[in-house]
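Here is a short briefing on how two protein chains meet. Look over the sequence and the structure first, then read on.

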Amino acid sequence: MFENFQFDSLADFMAMSGHGPYVWSAYGISALVLFYLAVLPLRRRREFLATLNEQQSEEA
Amino acid sequence: MWQFIKKWFHRFGTPRWFYHTTSRWLPWLALVSIGLLVLGSIWGLGFAPEDARQGNSYRIIYIHVPISVLAMVGYYIMAAAGAVALIWKIKLADMVMVSAAPIGAAFTFLALLTGSIWGKPTWGTYWVWDARITSMLVLLFLYLGVIALNQAFTSRDTAYKACAILSLVGTVNIPIIYKSVDWWYTLHQPATIKLTGASTIHPDMLKPLLVMIVGFYCFYALLLILHTRVEILRRERRSSWVKGLIR
């Protein structure tokens with residue numbers, strides 16, 4: 001499984017024999033979009049509950 | 001049987017039940033999906049062998065294929081939820097349908113983007129009007145259409161029916177996307193993993209891909225649950241159980 005690392009060095013790993021910019025940008029942008037998709041509902045939920053809390057303390 | 005399914009949906013298909021049950025699932029789902037995605041990425045980026053013809057650019061496959069699969073599966077989930085909402089008038093199904101649309105749109109966008117980036121070193125171009133790519137673009141517009149329709153109506157009753165019908169009509173596009181690489185053999189390579197017959201991919205490359213596919217299925221489920229929960233809170237904000245959440 002993880003016995004043979006395919007690259008000689010970290011620089012080699014980043015360069016991916018010339019394909020580095022393509023591979024890393026694809027992974028980077030995907031990670032950003034997926035992270036945003038997960039954080040968005042969490043933030044909305046927190047905001048919703050905060051608003052609800054305010055409304056209830058006004059009523060009380 | 002039909003009556004049983006209907007009863008089951010009505011008993012367990014309440015937004016409140018969904019909200020409370022998924023609270024317990026979320027930490028596990030997050031742990032498993034993120035764990036698998038990190039493992040699969042490290043494996044695919046650093047340890048899977050280099051492709052003889054495409055070199056290292058092929059490593060994009062580990063995100064491109066699972067994301068594209070989920071973009072299509074997500075469409076079926078949205079359409080199925082739409083059908084349940086139409087047939088049984090179940091509010092939760094409507095909430096799942098409208099939550100699946102933005103997630104699906106984002107996945108389809110990423111499928112096109114990662115494919116485009118992969119295309120440059122492999123085909124020498126970022127974009128070509130190949131059958132697979134064009135039908136994926138249609139899928140993106142279908143998702144965007146559902147999002148737009150959902151916001152276009154002030155009446156919830158009209159909105160969900162319009163969204164459900166568009167979702168259901170749009171399902172004809174999914175088999176077209178799936179078979180496009182065989183029907184119009186243009187530029188996009190045919191499927192490397194086959195359900196029937198031998199896969200045309202080396203086992204050392206296949207294993208991390210399977211880890212990523214399972215990881216993305218779990219992550220998609222996590223996203224759909226998270227988005228549906230917010231939709232539930234928003235729509236049920238006047239109910240006593242939502243008001244009881246903060247105390």
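How much area do chain A and chain B bury between them, and what share of it is on carbon and sulfur atoms? The two chains bury about 3,400 Å², 77% of it on carbon and sulfur atoms. Buried area here is the accessible area (1.4 Å probe) that two parts lose on being put together, summed over both.

This is a predicted model: local features need pLDDT of at least 70, side-chain atom pairs count only at pLDDT 80 or more, and totals for chains, interfaces and linings use all residues. Residues are numbered from 1 along each chain as its sequence is written, chains are lettered from A and ligands numbered from 1 in the order in which they are written, and side-chain values use heavy atoms, with hydrogens and water left out.

**The interface**

- On the side of chain A, Phe2(A), Tyr22(A) and Tyr27(A) lose the most area to chain B, together 20% of what that side buries.
- In contact terms (heavy atoms within 4.5 Å), 32 residues of chain A meet 45 residues of chain B.
- Helix H2 (residues 20–59) of chain A gives the most to the side that touches chain B, with 22 residues.
- By class, that side of chain A has 22 nonpolar, 8 polar and 2 charged residues. Ala, Val, Leu, Ile, Met, Phe, Trp, Tyr, Cys and Pro count as nonpolar, Asp, Glu, Lys and Arg as charged, and the others, Gly among them, as polar.

**Chain A overall**

- Chain A has 2 helices and 0 strands. These are DSSP runs, numbered from the N terminus: helices are H or I, at least four residues, and strands are E, at least two.
- The C-alpha trace of chain A spans about 65 × 25 × 15 Å along its principal axes.
- Of the 60 residues of chain A, 30% count as buried, that is, under 20% relative accessible area (1.4 Å probe, protein chains only).

- Thr114(B) lies in helix H4 (residues 91–123) of chain B. Thr114(B) is buried, at 0% relative accessibility.
- Leaving out residues up to four places away in sequence, Thr114(B) touches Ala26(A), Ser30(A), Ile60(B), Ile63(B) and His64(B).
- Ile117(B) is in helix H4 of chain B and is buried, with a relative accessible area of 9%.
- With the sequence limit of four places applied, Ile117(B) touches residues including Tyr22(A), Ala26(A) and Ile60(B).

Conventions. Buried means under 20% relative accessible area, exposed over 50%, partly exposed in between (1.4 Å probe, protein chains only).
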